[in-house]
Each structure stands twice: as structure tokens, then as C-alpha cells.
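Subject: Structure handover

Hi there,

Here is the structure I promised to pass on. Have a look at it first, and my notes follow below.

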Amino acid sequence: MNASSFQIIADYDDLLVVDKAPGISFHDEDGVQGLCSSVADALGVRVYPVHRLDKVTSGLLLLPKTPALARELTEQFSTRQVEKFYLALSGQKPQKKQGKIIGDMEKARAGAWKLTQGRENPAVTQFFSHPLMPGVRAFIVRPLTGKTHQIRVALKSISAPIAGDELYAGKAARDFDRTYLHAYGVRFSYKGERLAIIRPPQTGELFVSETMRDLLEEEWASPWDLPWPGR
């Protein structure tokens, strides 16, 4: 069990909320324990996956402990009742500083995806951005759909691939100490209430910088209250 693969953020009777470390697979992979197995071993409780994060992505995951809650949360995800908010950094200048990115996604090379101009089953991504420091721009992103690599592909499509993302940023990824994508906030219905949870990133030199901390505290502390572009 990789003791550093996750941190517990909230522990309810039938729900665990964890912060997944970057570089940890969600499921077991090539004989190496994934997040779900690590949680089960560490806590002695079975959890039921209802959503996932890419291996390179850190941040919040909801892990129900009962099949009943798993079904309920799966329904919330499928009907887009769960609000998700991500943080990302890019070392390149975006074509636009805020707005909405829409398009169908199709497979590209080497396990990557690409955005097309189609609208048959589009990925929809809202975002705002803010200068973090010279040569680095911060993004807060709200995906309205749940496609594979959606945020990574969306930012690549506006010429701002995520810093450290080898698959989409290429050689430029080597200039950074991690892939700078983090599941920062989530809001969902739980026991008759709308529950909101925030978890700032804990790893990555730029993510834990004073500049980033100030941005989160002053501008993005309550991402659900931002004036998101219309759907």
C-alpha cells in the first residue's frame, strides 16, 4: 500500500472523500496498487468507484462505501448534478482568456485525444484564467461533461496545454515538476443537503507557491459563485 497515495478529506458513515496524489492510478495497474485498493487496505473498508481522475491528476474523489450511495452518486454524475472544478497551469499563452470550449472528441495518436468542430456528442468546458507569474497562466475549469482527458484536450485546443503534461505539451513538459492539473472543488447532493468541498493542491512547486495561494484565497475561494458562461 502506498501510504502517500491519498489523504482523507472527509469521512462520513457511507462516504469517503479523498485527495488523490498525482502519479497514482485509479485502478490497479501492472501489479501496482491503484487508489481504490490502497484505500481499502489502509482503512479496511470497501469503496465503490463512481468517477475517476487521470493518473497525472491530483485532487478530490468521492468514494461511497455502500452500493446504495454508489448508485445515487452515479445517477448524479450521469445527470450532471455534480459540479466539478479543476485548477490547471499552462506555460503557454491561451488563444482566449475565458469562455467556453465545445467540440466532439476523437482519438488521436499514442493514447491522446483531440477536439473536433463536431457537435454530435460534444465535450463542454467552461474556464477562467489569470496570470500567475511571468510565463505561467492559471486556469479554473468547470467541465460540464465527463469525457476522457477532457480538460487536457480543451486547454490544448486553445494553445495552452497543461504544464508538465507530456502527452499534450510534448517536450515543454520537462520544464515542470508535475502535471499541473488538480481536482479542486466538488459540489453534490448528500443526505438532503448540497455539500461543497474544496481542497487546494498540496504538491507541485507552482501550485503551492504564495502567488497561487493568494489567487485561490482572493479570487477562486468559492468556484461555484464565479460568473460562469451560460451553458
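**Pockets and cavities**

The largest pocket holds about 510 Å³ of space. A pocket here is an open set of points on a 1 Å grid over the protein atoms alone, with protein on both sides within 12 Å along at least five of seven lines, whereas a cavity is a set of points where a 1.4 Å probe fits but cannot get out; lining residues have an atom within 4 Å of a point. Grid points are joined across faces, edges and corners, and a volume is the space filled by probe spheres set on the points.

Before going on: this is a predicted model, in which local features need pLDDT of at least 70 and side-chain atom pairs count only at pLDDT 80 or more, while totals for chains, interfaces and linings use all residues. Residues are numbered from 1 along each chain as its sequence is written, and side-chain values use heavy atoms, with hydrogens and water left out.

Back to the pocket: 24 residues line the largest one, and Lys 84, Tyr 86, Thr 145, Gly 146 and Lys 147 lie nearest its centre. Strand 4, strand 9 (136-143) and helix 3 each supply at least two residues of this lining. (Helices are DSSP runs of H or I with at least four residues, strands are runs of E with at least two, and both are numbered from the N terminus.)

There is also one cavity of 30 Å³ or more, and the largest cavity has a volume of about 50 Å³. Its lining is made up of His 51, Leu 60, Lys 84, Phe 85, Tyr 86, Ala 183, Tyr 184, Gly 185 and Val 186. Strand 10 gives the largest share of that lining, four residues. Tyr 184 lies in strand 10 (residues 181-190) and counts as buried, at 2% relative accessibility. (Buried means under 20% relative accessible area, exposed over 50% and partly exposed in between, with a 1.4 Å probe and protein chains only.)

**Aromatic rings**

Rings of Phe, Tyr and Trp (its six-membered ring) pair if their centres lie within 6.5 Å; planes under 30 degrees apart count as stacked, over 60 as edge-to-face and the rest as tilted. By this rule there are eight aromatic pairs.

Phe 85, Phe 128, Trp 224 and Trp 228 form one aromatic cluster.

The largest nonpolar core has 47 residues, and Leu 35, Leu 63, Leu 89 and Met 212 have the most contacts inside it. Such a core is a set of buried Ala, Val, Leu, Ile, Met, Phe, Trp, Tyr and Cys residues joined through side-chain atoms within 4.5 Å. A second, separate core of 17 residues includes Val 50, Ala 70, Val 186 and Leu 195.

Helix 3 (residues 150-157) is mostly covered, with six of its eight residues buried.

Best wishes
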